[in-house]
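Hi everyone, thanks for having me.

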Amino acid sequence: MMRVEKEDMSEAKKSTQAGVMKAASILIIANFLSSILGVVREIIMSSVFGMNGTLDAYNAAFTIPDLIYTILVGGGLSAAFIPVFSGYIAEKKYDDGYEMASTILNIVAIVVAVLCVIGEIFTPQLMGFVFPKLLTWEPEMAHLAFTLTRIMFFQCFFMCLTGICMGILQSYKDFAPPSIGAVLYNITIIGVGVLLLTLGTGIAGFSIGVVTGSIVNLMVQIFPIQRHGFKYRRVIDFDHEGVRKFFKLFAPVLFGIAVTQLNLVVNRTFALSQGDGILSNIVYAQRIMQLPINIFAYAIAMSIFPTMVEHFTKDNMDEYKKDLSLGIRNVTFIILPCAVGIISVRVPLVRAVYLQGNFEPENVPILATLLALYCIGMIGYSVRQVVLQGFYAVKETKTPVTINIFILCLNMLLTVTFVKFWGANGIAIAYSVAGLVSVATQTYFLRRKVGPIRGGEIRDSILKCLVSCVVMFIVVTAAIIIFEHSISVETKLNQFIELIAMIAIGGITYLMMALILKMEELTSILAIMKKKFLHR
């Protein structure tokens, strides 16, 4: 009898792990495609418009609509909506779940609609408050920024509805539609933007593409929700138990996310004050830095979150800590070499990808330096994704808020100080330092909340990753010197050959070091692949 129970538990554990791996795989592939398409969009725009005030106006126009989306839906959804709605689904209380989800959806739709109308009316005042530098721009450029912002407000409404739909699907552990929607979103922006560009709309065509992409993204989510049996209700019930639970969790998260987003706004405000094109350079550097975070760290964190919630609900803290440790170690194993690798190939990367059209050669060292400085903090912002899900899984939202407030104040202080010494580079340095301090602080307080989190194996994994990355950096740097002394990098073909060769050399070096050091994160993957290959 005991043996049968153990076998059943083992099968359940394998099933859970398989589900996590499947979810992570879907998210990684989709995030990779979506992120790459985002970079393609930026390559097209920088090539057509150059790194100047026009592109700065476009990037500034994203700020307020993105702020509304991220605060109301983007981050708070996973922390507040998914745990509550997932609970109803797990307990098969479908009617209560549908009523709770419909109430939240209706409230968000009304609030966002009101905010967007206010935004449309008071765009110049809002933009002037967030970006005082706009008031000193030429009237034509300032008007362009206002026009693009007004267009972006329509996107904000559809994206907020999409966010709720994604939360419902993720509660059902259905990650495919949100992933497909994100890919189609970027494809639509590029397609509509390029089409309207040929019709003479200028950069506004890409803003219209953003709105169109958000509508397509929403449509992709609606039909799968109906397939899962979700029934929308025209109701707003503030007395519903699930709605009360949601707002209890959401209130501190809302404040914490607002603080985090204010951090981003502060960075962009300082960037716009540093001269034409600096904001676009900083946005592009952040975008490349965010690629590995969005592709891997976010995917791993989101894929283990429902499982951690399940373990905590069942009071199985050992399994919760295993998931948390595995998430941190896997993120570190992937993200640390990505950060060091990008720092190593920063100039070949910028030169090969962006140096074309109206992107001037003098922009290469500016963007490359900012990129390297942002990558220093990549590991902090990546591991933080996992640690935050660790807090949210145990329904602890107040501590991350307090930490976020501290980090905001720290980043603002560092930014003001560092900009005086290093100009725009100081913004990137402050951002990276804040990220490293943030993950260290959050890990410390999570450990106080749940007890030891298998710190020994995490420490050993990080040390092995660091050793492997140091060797990789030395090898790649030497390879770049040899390559550029032997082959001219003036042609686009040679630039791409250099970049691909350096990435290959870096990847092979890191994997070889991981094998030599017998890193569990790699050996376990190889063992699974070997087992599947032999089975077939």
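This is a predicted model: local features need pLDDT of at least 70, side-chain atom pairs count only at pLDDT 80 or more; totals for chains, interfaces and linings use all residues.

K92 has a relative accessible area of 61%, and the cut-off for exposed is over 50%, so K92 is exposed. You will find K92 in the loop between α4 and α5. Its backbone deserves a glance as well: phi of K92 is positive, near 60 degrees, and K92 is not a glycine.

Another lysine to look at is K518. Where does K518 sit? It is in the loop between α19, residues 492-516, and α20, residues 520-535. K518 is not a glycine either, yet phi is positive here, at about 55 degrees. With a relative accessible area of 64%, K518 is exposed.

Now to the aromatic rings. To describe a pair of rings, we give the distance of the centres and the angle of the planes. How many aromatic pairs are there by this rule? The count is 18. One of them is F85 with Y172, an edge-to-face pair with 5.9 Å from centre to centre and 80 degrees between the planes.

Next, take Y284 and Y354. Their ring centres are 5.5 Å apart and their planes meet at 35 degrees, so we call this pair tilted. Again distant parts of the chain are linked, 70 residues apart: Y284 comes from helix α11, residues 278-313, and Y354 from helix α13, residues 346-354. Y284 is buried at 1% relative accessibility, and Y354 is buried at 1% as well.

Back to F85 and Y172 for a moment: both belong to one aromatic cluster, together with F81, Y94, Y98, F230, F246 and F247.

F247 also takes us to the surface. There it is part of a nonpolar patch with about 1000 Å² of accessible area together, whose members include I110, V114, F122 and I236. Which helix gives the most to the nonpolar patch? That is helix α5, residues 94-121, with 7 residues. I110 is found in helix α5, and I110 is partly exposed, with a relative accessible area of 48%.

That's my tour, and I'm happy to take questions!

Key:
Residues are numbered from 1 along each chain as its sequence is written. Side-chain values use heavy atoms; hydrogens and water are left out. Rings of Phe, Tyr and Trp (its six-membered ring) pair if their centres lie within 6.5 Å; planes under 30 degrees apart count as stacked, over 60 as edge-to-face and the rest as tilted. Helices (H or I, at least four residues) and strands (E, at least two) are DSSP runs, numbered from the N terminus. Buried means under 20% relative accessible area, exposed over 50%, partly exposed in between (1.4 Å probe, protein chains only). Patches are made of residues with over 30% relative accessible area and no salt bridge: like charges are joined within 9 Å, nonpolar side chains (Val, Leu, Ile, Met, Phe, Trp, Tyr) within 5 Å. Accessible areas come from the Shrake-Rupley method with a 1.4 Å probe; for residues, only the protein chains shown count as cover. A salt bridge is a side-chain nitrogen of Lys or Arg within 4 Å of a carboxyl oxygen of Asp or Glu.
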